[in-house]
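Hi there,

Here is the model I promised to pass on to you.

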Amino acid sequence: DSNMPVHTYQGHSDWVRTVAFSPDGRLLVSGADDQTVRLWSVESGQCLRILSEHTHRVRTVVFSPDGSLLVSSSDDQTIRIWKVESEQCLHVLSGHTHRVRAVAFSPDGRLLASGGDDETIRLWNVENGQCLWMSSEHTQWVRTVAFSPDGKLLASGGEDQVVHMWNAKSGKLLSTLKGHNHIVRTVAFSPDGHFL
């Protein structure tokens, strides 16, 4: 039956909050309230690695565009950048003062945007882990961040019911989009970057 599950990925001991496929479709990553990140073989359903340096629930996991890196964010106020092949944690990004709910790679994989319950947006250099800019224009928790396909723009949304559009390089606020009357949980650009 084509509607039956192919695999059931079992191993987490608490709620699974986030999952993502690697760009080549061979790996699945999951993050959970058990404070672990798990890498799974899509083909076999086996757990290949357990990454467990977070000290609180894991909110978000995402692969870099080339699949070589993995990022996880947590209620422990940190973001961790992992090298997929070696399981090594390359950087622990600290600066947020509350849980980190949203992370996104730029299309070229060199930058990482984050947003959290401290009402801030931060942009990080992936190579050295440095924070390039931070903004506190949001007035409530930030729930989502997304880069435009060309990497020049960054959009963010949250519980203050607005979407902010940023110059990703400089951190300059370009516009504020209003109209929602409740939480903005996710934002996404069209493939040509003309629509949000």
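Predicted model: local features only at pLDDT ≥ 70, side-chain atom pairs only at ≥ 80, totals over all residues.

Residues are numbered from 1 along each chain as its sequence is written, and side-chain values use heavy atoms, with hydrogens and water left out.

Let's start with S73. This residue belongs to strand β6, residues 69–74 (strands are DSSP runs of E, at least two residues, numbered from the N terminus). S73 has 0% relative accessibility and so counts as buried (buried is under 20% relative accessible area, exposed over 50%, and partly exposed in between, with a 1.4 Å probe and protein chains only). Its side chain comes to 2.9 Å from the backbone oxygen of V100. Beyond the neighbours within four places in sequence, the contacts of S73 include H54, R57, T60, V100 and R101 (contact means heavy atoms within 4.5 Å).

Two of those contacts, R57 and R101, bring us to the charged pairs. The whole structure holds 11 salt bridges (a side-chain nitrogen of Lys or Arg within 4 Å of a carboxyl oxygen of Asp or Glu).

One of them pairs D33 with R57 at 3.3 Å, N to O. These two are 24 residues apart and link distant parts of the chain: D33 sits in the loop between β2 (27–32) and β3 (37–41), and R57 in the loop between β4 (47–51) and β5 (58–63). D33 is buried, with a relative accessible area of 14%, whereas R57 counts as partly exposed at 23%.

Another joins D117 and R101, at 2.6 Å, N to O. Here too distant parts of the chain are linked, 16 residues apart, with D117 in the loop between β10 (111–116) and β11 (121–125) and R101 in strand β9 (residues 100–105). Both ends are buried: D117 has a relative accessibility of 3%, and R101 has 15%.

D118 also has a partner, R122, and their closest N and O atoms are 3.8 Å apart. D118 and R122 are both buried. Finally, shared partners tie R17, D33, R57, R59, D75, R99, R101 and D117 into one network of salt bridges.

Methods
Helix = DSSP H or I, 4+ residues; strand = E, 2+ residues; numbered from the N terminus. Polar contact = N/O pair within 3.5 Å; in protein donor to acceptor, adjacent residues only side chain to side chain.
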